[in-house]
Amino acid sequence: MSLLAVVSENFSQILKKAFEGISVPEKMLVPMITVVNNPKHGDFQINNALPISRIISKQTAKLSDGHPLKSISNPDELAQYIIDSIDEEHDRLYATKTITRGFINIRVSGEFLSSFLRPILDLGVQPPKMKKQRVAVDFSSPNIAKCMHVGHLRSTVIGDSVCRLLEFLGHDVLRINHVGDWGTQFGMLIAHLREAFPDFLAQPPPIEDLQAFYKEAKKRFDDDKDFAKEAHETVVKLQAGNEDELKAWKLLCDISRLEFQRIYDILDVKLEEVGESFYNPMLPVITKDMEDRGIARIDDGALCIFVPSFKFPFMIRKRDGGYTYDTTDLAAFKHRSETEKADWLVYVTDMGQATHFQLLKGACRMAGWLKDEDAEEDKPSKKSKKMRKDGPTIPKFSHVGFGLVRGADGKKFRTRSGETVRLQDLLDEAVVRARKVLDENGRSERFDEEKLNHIAKCIGISAIKYADLSSYRVKDYIFSFDRMLALKGNTAVYLMYSYVRIASISRKLGVDIETIIKEHSSGAIKVTHESERHLLLHLARFQDIICHVVETLCPHHLAEYLYDMCGAFTTFYENCRVLVEEEDIKVSRLLICECCKRVMETGFHILGVQKLDEM
Ligand code: ARG
């Protein structure tokens, strides 16, 4: 259980006992807890006394004279009464309890923290317990033959982190790459391929730069009427499943795929490609079903779903009979929820597509495939409504939107000559710059070439990922190599370096931490200094943060948590020497360092940041 859950559970028992035999509405006995970030006021605040005091006087009037509640007339007194009813077992867990305006401030005891952290040493960092779900995460999703741009980088990095988080929680995660591998652009691409490499079926064409090829094809298409006509005919043939056109299409997809894969390998991201073309066979069926059920209707020749309160419709068939991005997403939704049996569908794209996903959500709701947002999950009477005829529960839907990447000038991120930045170039540059930082900081004297390059690669790539993940995803963010590679501040480099320091402590002292863990059972962690307590409390909050990140799907909360932990560790380390005479204190501090190390490793893993043992 997470710390907040444990405290909440404790106070649930405490409150129940305190008001036994007195009729207080059930919901007022559910602990109302706020996390307090001000060390002066304690760690948590319990806010139940105030509302209870407002309604309780009629009840207490009836109590017999000796009852302690009888004489209570204000929230402060009621708060004190609650504190007084804490039994011995719970009392040990809370070091101080104070009252301000009816609020109970509590500070958890060192003993509590110590026992709470013990599992990190015995079992490793555990995820908070959650019901296992099957989650389909649609992310990265670049378009074949077009450029994979920084927007796709954001989607890849954020999506991967969301997947890592869900996997850590024990969910069954489908990492779906919904690549744009279908559409009219293939007409001109194939027509151009035929022209430029007439022998392409027998001899795979040496296309190095598919984007340049795309540009050439586009130019031909715009300038030459005959070519445009041929391109149109080619699309028709491709859509009809003509063998040669299909072969050419596959060939182009393969070239793109190789390029994408290179990027995924550098980023260490795993994806399974289920492109738009996969849903093609389902489109006629699904559109007909929507039309037959009266969910979609013809408007000006096109088949549309009019979602209430939206100005424009979700268009699932164009006037010319062609299908759209909308149609494919409708089919993909149905496939993921019904065939793949996903309980939760997540889409990671830029905020520019927010309306598209709201429309998709609305359309799915109209089709009866998605839960009505107003239908509260905890209303049991609606349960039957939540079940589909064929069994599975209706899934949850999340659009994880993100802002634009901007250059230092605040404008859309581009190269100096105004072109879209190629991702491969961007990643390469990050590594080169990371190497420069290492050289400038005298690392070339310490490590050999091979090691230096390895460290530079880890730092460069982690810096790019972390810069993205540490900013609030919904907002635009400014891409700056200088900032992301800074040694100070909330950067990957700072975190990675802090980790190296923490990890090196037991190594430098020459102790075997595993043996120490085995030899010192629970209770070995002791709080002797405020900075030590602060660090332990921070560690104990890890699962609370994880819960918060799953709720919001905002990885920056985790980044912030890790950054704060480095700060808390530094203060601890300045105040509490590890190498001290007293054996029990030394052991305790070594164990604390080990907890930090493990929590950081888990955090790094979820954010996709590399850990290094030296740098
Ligand atoms: N290919 C799209 C793009 O580049 C992203 C696809 C996102 N996923 C989806 N199911 N619509 O913008």
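Reader: Which residues are around the ligand?

Author: The residues around the ligand are D138, S141, P142, N143, H178, G180, D329, A332, Y347 and T349, where a residue counts as near a molecule if its C-beta atom, placed from the backbone, lies within 6 Å of it. This is a predicted model, in which local features need pLDDT of at least 70 and side-chain atom pairs count only at pLDDT 80 or more, while totals for chains, interfaces and linings use all residues. Residues are numbered from 1 along each chain as its sequence is written.

Reader: And which helix and strand each supply at least two residues of that shell?

Author: Helix 12 (325-339) and strand 11 (344-350) do so; helices (H or I, at least four residues) and strands (E, at least two) are DSSP runs, numbered from the N terminus.

Reader: What order do the strands have in the open sheet?

Author: The 5 strands of this open sheet follow the order 7-6-5-11-12 with parallel pairing, and two strands pair if DSSP finds at least two bridges between them. The edges are strand 7 (272-273) and strand 12 (396-402), each of which pairs on one side only.

Reader: How many bridges join strand 11 and strand 12?

Author: Strand 11 and strand 12 pair in the parallel sense over 7 bridges, and V348 has V400 in strand 12 as its bridge partner.

Reader: Switching topic, where does UniProt put the DALR anticodon binding domain?

Author: An unreviewed UniProt entry lists that domain at residues 495-615, in the numbering used here, with feature names shortened and annotations that may be inferred rather than shown by experiment. Over residues 495-615 the chain is 74% helix and 0% strand, with the end C-alpha atoms 12 Å apart.
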